[in-house]
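Subject: Structure handover

Hello,

Here is the structure I promised to pass on. Please open it first, then read the notes below.

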Amino acid sequence: MFRNIFIALILLAASTAAMAEPSKEKGFYVMGAFGRSIYDEGGSFGNFGDDEDQMMHIGVGYKFFRYLSVEARYTDFGSFQVFFDGVDVSATSIHVLGIAPFGQSGWEFFGGLGVGSVDLDYDFDTFRNGSESTVSGGIGFRWYPTPKVALGIQTDAFIWDDNDDWDSSVGGTQLSVQVIF
């Protein structure tokens, strides 16, 4: 019985997706996402600083054609415990995304590279507060239940040089919503 229900749901999703191809090959969109983030302090505290928290990002983008878009994002990765100090981590970044649609199904795979600035706000170690240049990369899948709305899941990672000896990173997996204009 459960197998039949599962097959029926897959067929319903596939038939809906076939009718929900994105409405435009190019144009503006806004997006938002939330999920789980992981902070890796790069070993500068003997890995006592690795921690997890909630994350969210918002952004705008422009799809130049079916296979390429550019996005500007603000990401709040959350608050982490680094040894005996807490740190809030956020980033502003620009990403170039390559997009591989799965025919007319309404599904697409995407991967992106980005550059930006990560902001670190320590609770007690204020001499380390500030911004660092960052590079990022990510991958994900999107599905268009309607021609103007996409639902997705994506994973992104940001890395920066904290000082001469350590590379720190933060990343996360999030569920996203995209609205196309």
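A term first: a cavity is a set of grid points where a 1.4 Å probe fits but cannot get out, and its lining residues have an atom within 4 Å of a point. Please also keep in mind that this is a predicted model.

**Cavities**

How many cavities of 30 Å³ or more are there? The count comes to two.

The largest share is that of β1, with three residues. By class, the lining splits into five nonpolar, three polar and five charged residues.

The second largest cavity has a volume of about 30 Å³. What lines this second cavity? The residues are R73, H95, L97, F110, G111, G112, L113, G137, G138 and D156. At least two residues come from each of β4, β5 (107–122) and β6. Here β5 gives the most, with four residues. Three of the lining residues are nonpolar, five are polar and two are charged.

Besides lining the second largest cavity, F110 has the charged end of R142 over its ring. That charged end lies 4.1 Å from the ring centre.

**Strands**

Strand β2 (residues 51–65) runs antiparallel to strand β3 (residues 68–82), and nine bridges join them. The link from β2 to β3 is a hairpin through two residues. On its other pairing, β3 runs antiparallel to strand β4 (residues 85–101). That pair is joined by 14 bridges.

Opposite D76 of β3 stands M56. In β4, the bridge partner of D76 is S90.

**Aromatic rings**

How many aromatic pairs does a search of the whole structure find? It finds nine. Two of them are described here.

Take Y39 and F80. Why does this pair count as stacked? The ring centres are 5.2 Å apart and the planes stand at 20°, so the pair is stacked; the cut-off for stacking is under 30 degrees. This pair links distant parts of the chain. Y39 is in strand β1 (residues 27–40) and F80 is in strand β3, 41 residues apart.

Are these two residues buried or exposed? Buried means under 20% relative accessible area. Y39 has 1% relative accessibility, so Y39 counts as buried. F80 is buried too, with a relative accessible area of 3%.

The other pair is Y62 and F64. Their ring centres are 4.9 Å apart and their planes are at 70°, so this pair is edge-to-face. The cut-off for that class is over 60 degrees. Y62 is partly exposed, at a relative accessible area of 25%. F64 counts as partly exposed as well, at 42% relative accessibility. Y62 and F64 also belong to one aromatic cluster with F28.

**Where to start**

Begin with F110, under the charged end of R142. Then go to D76, with M56 opposite in β2's pairing with β3 and S90 as its partner in β4. Finish at the stacked rings of Y39 and F80.

Best wishes

Key:
Residues numbered from 1 in each chain as written. Predicted model: local features only at pLDDT ≥ 70, side-chain atom pairs only at ≥ 80, totals over all residues. Heavy atoms only, no water. Pairing = 2+ DSSP bridges. Phe/Tyr/Trp six-rings, centres within 6.5 Å; stacked < 30°, edge-to-face > 60°. Buried < 20%, exposed > 50% of the residue type's maximum accessible area, 1.4 Å probe, protein only. Lys NZ or Arg CZ within 6 Å of the ring centre and 35° of its normal. 1 Å grid on protein atoms, 1.4 Å probe; cavity = no way out; pocket = protein on both sides within 12 Å on 5 of 7 lines; lining within 4 Å. Points joined across faces, edges and corners; volume = space filled by probe spheres on them. Nonpolar A, V, L, I, M, F, W, Y, C, P; charged D, E, K, R; others polar.
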